[in-house]
Amino acid sequence: MCGIVGYLGPSKAASVLVSELKCLEYRGYDSAGVAVIEGGRLKVLKAAGKLANLENLLKERAPEATVGIGHTRWATHGAPTDLNAHPHTDENGMVAVVHNGIIENFGELKDELIAKGYKFSSDTDTEVVAHLVSHYYGETKDMLKAVMKLVTRLKGIYALGIVNRDVANTIYAVNHHYSLTVGLGNHENFLASDSIAVRQYTNQTLRLDQSEIAVITPDTVKLYSFEGKESTRPPIVSESTRFVVDKGDYKHFLHKEIDEQPSVLRQTLAKYLPDINKPIAFHKPKSKGGNGNGHHVATHGIELTNSQIRELERVQVLACGTAYHAGMIGKYIIEELTGIPVDVEIASEIRGRKLLVNQRTLTVAVSQSGETADTLAAITEAKRIGSYVLGITNRPDSHLAQIVPNLIVTECGIEVSVAATKTYIAQLLSFYLLAIFLAEERGAIDAEKSRTLKKTLNLMPALQEAVLAQEPLIQEAAINYSSAVDMVFVGRGFNYPTALEGALKLKELSYIHASGYAAGELKHGPIAVLDEKVPVVAVVVPGVVYEKTLSNAQEAKARHAKMIAVAVEGDKEVEKLFDTVLRIPPIEEFFSPLLTVIPLQLFSYFVAEALGKDVDQPRNLAKSVTVE
Ligand code: M6R
């Protein structure tokens, strides 16, 4: 979704801004732009479409400026056009603004400004900010005061980068329940809504607090609360290596990330399950966290005591999209091992509803980006009510990681392709580990059972590799079915969410309509859509629902649907019923979701590839969904 960047220093701002924006491309966007201050004037260049269009403009006009802000926009208010692209300026070209989030009261503010004689040239909510801050600057002749007045008028959650041609060497950054990071360099400073964009230049960063203004020059960063109280804090010094956007030998990040799944499992297991004879390594060390210089850094681990865990009465999972599917499987796993009832909610469905959690609930937010607005709002509400809160993410630098005291950080790094694959597998693994951890703490499983479960988890990376080795057969099947216009995915029990995830992957990558159902639900309605033109994909793994899933598949077959199975090697039964069988190694039903999703990911990838789709950045989608 939208990305903000900024730069001040000795280098040419435009090229730094573009290289920062490149790091944010993976989040999804449909236009890009920059504003630089050159010779006391604002120069704004923006273009709909990919960053390459903006780069072409910059080649023609090559600004020399050393101060500027930039943006990648994911359209919310107004179509993705040149005009609606950020930065937006006031009529006099005094200030330029880039904006993430939504100004909820923009309609009201726009009417007020129009009544004052201001003219608008875009459909965006952002333009209101440009006119309003310029108006207050006209009144106060002090940009900081103007920004402070501005924030008293804005409703919603947002982040802003603002420049004023009168204050040429300064960027004003505003964060209101969003995400903004300042990167500290040597006589130069950087700004970005995702720290990975500044980490290519510096390992020293300041993350803006929830309602905070930063006044940034090449040599200074001053922080103010919205009420004007100045504060200081030391930077976070990161030791981890910087994020490099590199596809290696792969044509697409998606393919690379699917193939990385065994190593994601290995690394996350090495971190949280170093020894199968010992408990899962989730307990937080007794230190207060921090990075030694007083600033809070998200530290992973669970700080609940054994008695708090024993007294838990419920687990509530909150997530969106693919993370929600991981949570659905999490429910089955936790309930199976611990007996604790688990509810899973789509985080956006919590808006405007009563969240029924309490001091004996563990509320778990799952998010690869750690920035999903609905998930953050829901977990914040759970925390306010007094529930224990736990985050599962691969981004320890994310907003989610900052606001939860209990945190599982999966070892898969940043996922670049918009469609989630390796982060899903990492989230699933986290639920297996969490379930074993809770079961051990509550005495719900004995040492032998615990050891067996852990042993099987350790086998999973190699089993995943065996699935990945089936790639040529999966590719062939995908090409055969790529002309379908509609597909149905079914599964039961642990693999019902796998069916939902398979359908979501196919939809988002290939734009082929696909629906996922609990296989038993087919005859309650969805079966009406089946005929010879609608292929059905069924996940059929031996276990308690195996025969029943086969019966459901029979029902589909009887409607002349073309049948595809994800089934274990050696299963002869499926060959009688299915036209195409995608194989996984024999596996217990309980652990099977860690394998069954892989053929479905590859299938969707190769269908999209065959159709020539933009695999890594599907249309209309964003990696980080920071609006409600
Ligand atoms: O960053 P999050 O994990 O919170 O994102 C949630 C969903 O937006 C995300 O899983 C989305 O469904 C992906 N496009 C799935 O591939």
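The model is predicted, so local features need pLDDT of at least 70 and side-chain atom pairs count only at pLDDT 80 or more, while totals for chains, interfaces and linings use all residues. Residues are numbered from 1 along each chain as its sequence is written, and side-chain values use heavy atoms, with hydrogens and water left out.

**The ligand and its shell**

- The ligand is surrounded by 14 residues, of which the closest are Ser367, Gln368, Ser369, Thr372 and Glu508; a residue counts here if one of its heavy atoms lies within 4 Å of the ligand.
- By class, this shell has six nonpolar, six polar and two charged residues, where Ala, Val, Leu, Ile, Met, Phe, Trp, Tyr, Cys and Pro count as nonpolar, Asp, Glu, Lys and Arg as charged, and the others, Gly among them, as polar.
- On its own the ligand has 410 Å² of accessible area, and the protein covers 92% of it, as computed by the Shrake-Rupley method with a 1.4 Å probe.

**The pocket that holds the ligand**

- The ligand takes up the space of the second largest pocket, and a molecule is said to sit in a pocket if more than half of its atoms lie within 2 Å of the pocket's grid points.
- A pocket, on a 1 Å grid over the protein atoms alone, is an open set of points with protein on both sides within 12 Å along at least five of seven lines, whereas a cavity is a set where a 1.4 Å probe fits but cannot get out; lining residues have an atom within 4 Å of a point.
- The second largest pocket has about 600 Å³ of space, and among its 30 lining residues those closest to its centre are Cys320, Gly321, Thr322, Ala622 and Val625.
- Helix α9 gives the most to this lining, with five residues, and α9 also supplies the largest share of the shell around the ligand, with three; helices are DSSP runs (H or I, at least four residues), strands are runs of E with at least two, and both are numbered from the N terminus.
- The pocket lining divides into 15 nonpolar, 11 polar and four charged residues.

- Residues that line the largest cavity include Cys2, Arg73, Trp74, His86 and Asp125, and the lining divides into three nonpolar, seven polar and two charged residues.

**Backbone features**

- Most residues other than glycine have a negative phi, and most peptide bonds are trans.
- A cis peptide bond, with omega about 0°, joins His86 and Pro87, and Pro87 lies in the loop between β4 (67–73) and β5 (88–89).
- Lys141, although not a glycine, has a positive phi of about 55°, and Lys141 lies in the loop between α4 (126–140) and α5 (143–153).

Methods: Points joined across faces, edges and corners; volume = space filled by probe spheres on them.
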